[in-house]
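Let's walk through this model together, one question at a time. Have the viewer open and follow along as we go.

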Amino acid sequence: MLKVAMAISGLILVLYLLAHMYGNLKVFAGQEAFDGYSHHLRTMGEPLLPYAGALWIIRVVLLVAVILHIYCAVTLWRRMRLATAGGGGQRYESTKARRGNQRTYASFTMRWGGVVIALFVVYHLLHLTWNTISPGGASGSPYERVVNGFSIWWVVLSYTVALLAVGFHLRHGVWAALASLGANTSQRRRRHLNVLATVVALLITVGFLIPPFAILFGLVG
């Protein structure tokens with residue numbers, strides 16, 4: 001049950017990342033289009049919903065998904081540690097993986113990658129959502145906040161490190177989530193899941209990195 005809950009909550013977050021990536025790419029359409037999109041997110045559902053009502057519903061769903069995802073991950077990890085007396089599960093060796101075939105780089109970095117992502121999300125909200133910190137200059141315009149921030153090399157570097165952590169997390173997480181939901185039923189299916197997980201991870205990682213590097217190199221401004 002915990003694995004299913006973790007899988008569903010994780011896939012909800014993946015869908016959000018895809019939608020967020022689409023919104024970020026609107027920076028190439030210029031300030032009016034980007035700021036207009038940001039404003040539209042706050043007026044969705046009117047007049048049935050109050051101003052920013054739909055956006056708050058999305059935020060609550062995401063917050064519940066994040067909390068549930070972290071709770072399931074920590075609980076499953078603690079159960080594994082207790083079941084193995086703190087030693088971890090047994091891993092079978094092969095000529096390509098002397099430390100065990102289950103220990104892929106992505107799965108090995110899931111825990112610390114999750115910590116990096118959590119810290120980055122807080123920084124990202126403080127910078128681009130709440131306008132609390134303002135590298136490059138504060139602005140009431142979402143477009144200007146993005147351009148001001150990503151015009152600084154170390155901001156782009158920190159963003160890149162965080163997105164690489166997201167990519168590795170997604171590569172393993174998407175595969176594990178679909179497997180937990182019953183998609184891993186044959187060797188052919190496993191190959192398809194591997195391809196899908198890789199495509200999703202690359203799409204989101206590259207899609208999120210295109211705007212900051214475009215801004216840094218003067219293609220957007």
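## How two helices cross

Q: Within what distance do the axes of α5 and α6 come, and at what angle do they cross?
A: Two packed helices are described by the angle between their axes and the distance between the axes. This is a predicted model, and in it the axes of α5 and α6 come within 9 Å and cross at roughly 120°.

Q: Which residues in α5 meet α6, and which residues in α6 do they meet?
A: On the α5 side, the residues are His127, Leu128 and Thr129. Their partners in α6 are Arg145, Val146, Gly149 and Phe150.

Q: Is Leu128 buried or exposed?
A: Leu128 is found in helix α5, which spans residues 110-129. Leaving out residues up to four places away in sequence, Leu128 touches Arg145, Val146 and Phe150. The cut-off for burial is under 20% relative accessible area. Leu128 has 15%, so the answer is buried.

Q: How far apart in space are Leu128 and Ser139, C-alpha to C-alpha?
A: Along the sequence, Leu128 and Ser139 are 11 residues apart. In space, their C-alpha to C-alpha distance is 9.8 Å.

Q: What is the relative accessible area of His127, and which class does that value give?
A: His127 is also found in helix α5. Setting aside neighbours within four places in sequence, His127 is in contact with Ile133, Pro135, Arg145, Gly149 and Val155. Its relative accessible area is 4%, so His127 is buried.

Q: What is phi of Asn131, and where does Asn131 lie?
A: Most residues other than glycine have a negative phi, and most peptide bonds are trans. Asn131 lies in the loop between α5 and α6, and it is partly exposed, with a relative accessible area of 27%. Asn131 is not a glycine, yet its phi is positive, near 60°.

Q: Which peptide bond is cis, with omega near 5°?
A: The place to look is the loop between α2 (31-43) and α3 (53-83), where Pro47 lies. The cis bond runs from Glu46 to Pro47.

Q: How far does α8 reach, from its first C-alpha to its last?
A: Helix α8 covers residues 187-216 and has 30 residues. At 1.5 Å a residue, a span of 44 Å is expected. The model comes close to that, with a reach of 43 Å.

Q: At which residue does α8 bend, and by about how much?
A: After α8 comes Gly218, whose phi is positive, near 80°. Within the helix, a proline, Pro211, follows within four residues of the bend. The bend is at Ile210, and its angle is about 30°.

Q: What covers the buried residues of α1?
A: Helix α1 (residues 2-24) reaches 33 Å, close to the 33 Å expected. Its buried residues include Leu2, Leu13, Val14 and Met21. What covers them includes α2, α3, α7 (153-180) and α8.

Q: What separates the C-alpha atoms of Tyr16 and Leu62?
A: Tyr16 lies in helix α1, and at 34% relative accessibility it counts as partly exposed. Tyr16 and Leu62 are 46 residues apart along the chain, and their C-alpha atoms are separated by 8.1 Å.

Q: How many helices and strands does the chain have?
A: From the N terminus on, the elements run α-α-α-α-α-α-α-α. The count is eight helices and zero strands.

Q: Which helix has the lowest mean pLDDT, and which the highest?
A: For the chain, the mean pLDDT is 88, and 89% of its residues reach 70 or more. The lowest mean among the elements is 59, for α4 (residues 105-108), and the highest is 96, for α6.

Notes
Residues are numbered from 1 along each chain as its sequence is written. This is a predicted model: local features need pLDDT of at least 70, side-chain atom pairs count only at pLDDT 80 or more; totals for chains, interfaces and linings use all residues. Side-chain values use heavy atoms; hydrogens and water are left out. pLDDT is the predictor's confidence in each residue, from 0 to 100. Buried means under 20% relative accessible area, exposed over 50%, partly exposed in between (1.4 Å probe, protein chains only). Contact means heavy atoms within 4.5 Å. The expected span of a helix is 1.5 Å times one less than its number of residues. The bend at a residue is the angle between axes fitted to the seven residues ending there and the seven starting there. Axes are lines fitted to C-alpha atoms, for helices over the stretch in contact, and angles run from 0 to 180 degrees between N-to-C directions.
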